[in-house]
Each structure stands twice: as structure tokens, then as C-alpha cells.
Amino acid sequence: MALVNLWRKVTRQGWEARHSPGLPILEVSGVSMHYDGVVALEDVSFTVEAGERIAIVGPNGAGKSTLLKIIAGVLTPTAGSVRIYGHGPHGHLCIAYIPQRNQVDWNFPLTVADVVMMGRVGKMGLFRHPGPRDWEIVRRALEEVGIAELAERPIRALSGGQQQRMFIARALAQEAELLLMDEPFTGLDLPAQQGILEILERLRRQGVTVLLTTHDLDQAASYFDRVLLLNRRRIAFGPPEEILTPQALQAAYGGHLRLIRVGEELIVVGDTCCEGG
Ligand SMILES: Nc1ncnc2c1ncn2[C@@H]1O[C@H](COP(=O)(O)OP(=O)(O)OP(=O)(O)O)[C@@H](O)[C@H]1O
């Protein structure tokens with residue numbers, strides 16, 4: 001009985017620590033990353049509140065993917081720290097990381113339902129077989145992202161938009177609270193991008209926090225609460241209308257970009273992929 005009470009106390013404290021309204025969901029403090037002499041990130045700090053949607057933008061090689069991998073706990077920074085609800089990232093099941101699609105082996109013989117079920121591993125344990133409740137959660141996750149009819153399809157036979165939806169379904173099955181997506185819109189046509197943005201909007205209403213990298217500054221300005229403008233260092237971080245200034249864009253991208261305002265919208269003209277000077 002004493003053991004049961006101790007377990008209840010520990011799990012309640014864990015839940016309270018993770019969900020305390022006083023704690024931000026994510027705190028990145030002084031993060032630097034050096035790869036064999038290449039400085040990918042230098043002293044990057046920012047804080048994200050639960051339920052926010054954050055876009056990380058910057059030119060090629062700015063360190064966007066590196067930052068996402070560090071937050072996901074895939075890479076360990078050379079310096080600095082990442083805290084999720086005040087704790088280190090490792091072992092926190094509330095984080096779902098979706099890599100760039102070209103980093104996935106799509107020929108692996110798995111069905112869509114198999115991949116989504118992987119999201120349940122953390123909840124059910126590695127060596128337990130999925131039960132009816134797990135399969136029900138997978139079915140509901142696939143329904144939520146609109147691809148229930150693809151459950152038995154091999155993953156090699158998916159379109160780019162369907163691949164992203166499958167990964168979001170895996171995050172839903174995982175019951176993720178923080179969703180990290182690396183360039184989810186790259187290679188998708190506009191309707192597919194719009195479909196993903198609508199799913200992200202629904203997730204926001206359910207309280208899921210989303211951090212993603214993108215090269216599309218217009219999209220970042222239109223759909224995200226705050227934008228992190230990165231070029232190895234934090235150039236600017238805040239609401240898009242405040243931080244997407246000509247000076248900040250010049251600092252991140254060099255002289256390749258111009259900002260024009262059309263009605264309420266801020267439109268960026270130029271190529272956002274290229275390294276700043
Ligand atoms: N495993 C690695 N080993 C050595 N250098 C690396 C490694 N991964 C990334 N880099 C370097 O770190 C820097 C940042 O790379 P990163 O992929 O994080 O940038 P990015 O902003 O995501 O770029 P992109 O927009 O092109 O995807 C680049 O100079 C890159 O060459």
C-alpha cells in the first residue's frame with residue numbers, strides 16, 4: 001500500500017511539474033552546436049508557451065534542422081540546454097519529431113497503420129502487443145487527419161501530403177503535446193499544404209504546441225503566432241508583424257529579399273532559400 005501511495009505521489013508530482021501553468025512548454029537556453037569545426041548554432045535562446053505555433057525560418061545552412069533535432073533530443077548540443085516543462089528532453093513522451101521526408105526510407109515494408117501504431121510504443125511498452133484500445137486510437141488518429149482509407153497501404157505508395165498526414169497521425173497516437181516538424185511543406189502542392197495547415201489549426205484548438213521549419217516566409221507570417229528568424233544565431237523572435245522587418249531579413253538572408261504590404265498581409269518577395277551575405 002505504501003508503494004502504491006508513493007507511486008501515486010510521484011506520478012502526480014510528475015504530471016503537475018509537466019503541466020504547471022507557470023512553466024513554458026519549451027525553454028531553449030544558450031544552445032550552441034559545432035560539428036567538427038562547423039558552427040551550426042551559436043548561443044540560441046527562446047521560450048515557447050503551450051499551445052503556440054512557431055515557425056523557424058532562415059536560409060539554407062542556418063541551423064534550423066539542427067535546432068529541431070536538439071529540441072527533439074536526437075542531438076546533444078555542444079553548449080546550452082533544452083527544457084520541456086522544466087525537464088530535459090530525453091524520455092519525455094510528449095514530444096513527437098517528424099523529420100524531413102527525404103530522410104525516411106520509404107521502401108521499408110510497413111503499412112500506414114504500422115507507422116501510426118509506432119506512436120503507441122511509448123504508452124504500451126516495447127514488448128507488449130497492441131490491444132484493441134491501441135488499434136482504436138490508431139484508427140481515430142487516421143480519421144482525424146483524413147486518411148483512414150489508407151490504413152493498409154504500404155508507405156512507399158503514399159503521396160507527399162499523405163506522408164505528412166501519416167506522421168501527424170503517429171503524433172496523435174502518441175498523444176504528443178509538442179509536435180516538431182522539419183520542412184513539412186517542402187515538395188507539397190498548395191492544396192496539400194493547405195490541408196496540413198488546417199490539421200495544425202485543429203491541433204492548436206486541442207492545445208498541441210507546434211514548432212516547424214519552413215522556407216516559406218509568407219506562410220510563416222500568415223499562420224504562425226511567433227517566428228524565429230535564424231542564421232546560426234537568433235536574429236529575431238516574436239510575432240511575425242513585429243520581427244519580419246527589412247533589417248532583420250537583411251541580417252538573415254543578405255540583400256535577396258524585399259517586403260511589401262498588400263492590405264493586411266506582409267508579402268516577402270525574393271528567394272528565401274539562399275545563404276545570406
Ligand atoms: N551531421 C553533420 N555533420 C557536419 N555538419 C553538419 C551536419 N549536419 C549539419 N551540418 C552543418 O551544419 C549547418 C546547419 O545545418 P542544418 O541542416 O541544421 O541547416 P538548415 O537551416 O536546416 O538548412 P536547410 O534549410 O538547407 O535544410 C550546415 O552548415 C551544415 O552543413
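Two housekeeping points. Residues are numbered from 1 along each chain as its sequence is written. Because the model is predicted, local features need pLDDT of at least 70, side-chain atom pairs count only at pLDDT 80 or more, and totals for chains, interfaces and linings use all residues.

The overall picture, then. The protein has ten helices and eleven strands; helices (H or I, at least four residues) and strands (E, at least two) are DSSP runs, numbered from the N terminus. Of its 277 residues, 38% count as buried. Buried means that 20 or more other C-beta atoms lie within 10 Å of the residue's own, exposed means 12 or fewer, and partly exposed is in between, with C-beta atoms placed from the backbone. If we take contacts between residues at least 6 apart in sequence, 67% of them join residues at least 24 apart. A contact here is two C-beta atoms, placed from the backbone, within 7 Å.

Now the sheet. Six strands form an open, mixed sheet in the order β5-β6-β7-β3-β8-β9; two strands pair if DSSP finds at least two bridges between them. β5 (95–98) and β9 (233–238) are at the edges with a single partner strand each, so one side of each has no neighbour in the sheet. From one strand to the next the twist averages 15°. For angles, axes are lines fitted to C-alpha atoms, for helices over the stretch in contact, and values run from 0 to 180 degrees between N-to-C directions.

Let me stay with β5. It pairs with β6 (178–182) in the parallel sense over four bridges, and I95 stands opposite L178. In a regular strand the side chains alternate between the two faces of the sheet. In β5 both faces are covered, with I95 and Y97 buried on one side and A96 and I98 buried on the other.

α7 (190–205) lies across β3, β6 and β7, at about 145° to β7. α2 (64–72) packs on the sheet and touches β3, β5, β6, β7 and β8, its direction making about 150° with that of β6.

How much of α2 is covered? Seven of its nine residues are buried, namely K64, T66, L67, L68, I70, I71 and A72. After the helix comes G73, with a positive phi near 85°.

α2 also brings us to the ligand. Around the ligand are Y35, D36, V38, A40, G58, N60, G61, A62, G63, K64, S65 and T66. The criterion is a C-beta atom, placed from the backbone, within 6 Å. β2 (38–48) and α2 are the elements that give two or more residues to this shell, and α2 has the largest share, with three. By type, the shell has four nonpolar, six polar and two charged residues. In that count Ala, Val, Leu, Ile, Met, Phe, Trp, Tyr, Cys and Pro are nonpolar, Asp, Glu, Lys and Arg are charged, and the others, Gly among them, are polar.

Next, the core. The largest nonpolar core has 70 residues, and I56, I71, V116, A141, A169, L179 and L180 have the most contacts inside it. Such a core is a set of buried Ala, Val, Leu, Ile, Met, Phe, Trp, Tyr and Cys residues joined through C-beta atoms within 7 Å. Helix α6 (160–173) gives the most to this core, seven residues.

Last, some loop residues. Most residues other than glycine have a negative phi. Y85, in the loop between β4 and β5, has a positive phi near 45°. Is Y85 buried or exposed? It is buried, because 21 other C-beta atoms lie within 10 Å. E175, in the loop between α6 and β6, has a positive phi of about 60°. With 16 other C-beta atoms within 10 Å, E175 is partly exposed.

C94 is also in the loop between β4 and β5, and it is partly exposed, with 19 C-beta neighbours inside 10 Å. What does C94 touch? Leaving out residues up to four places away in sequence, C94 touches A176, E177 and L178.
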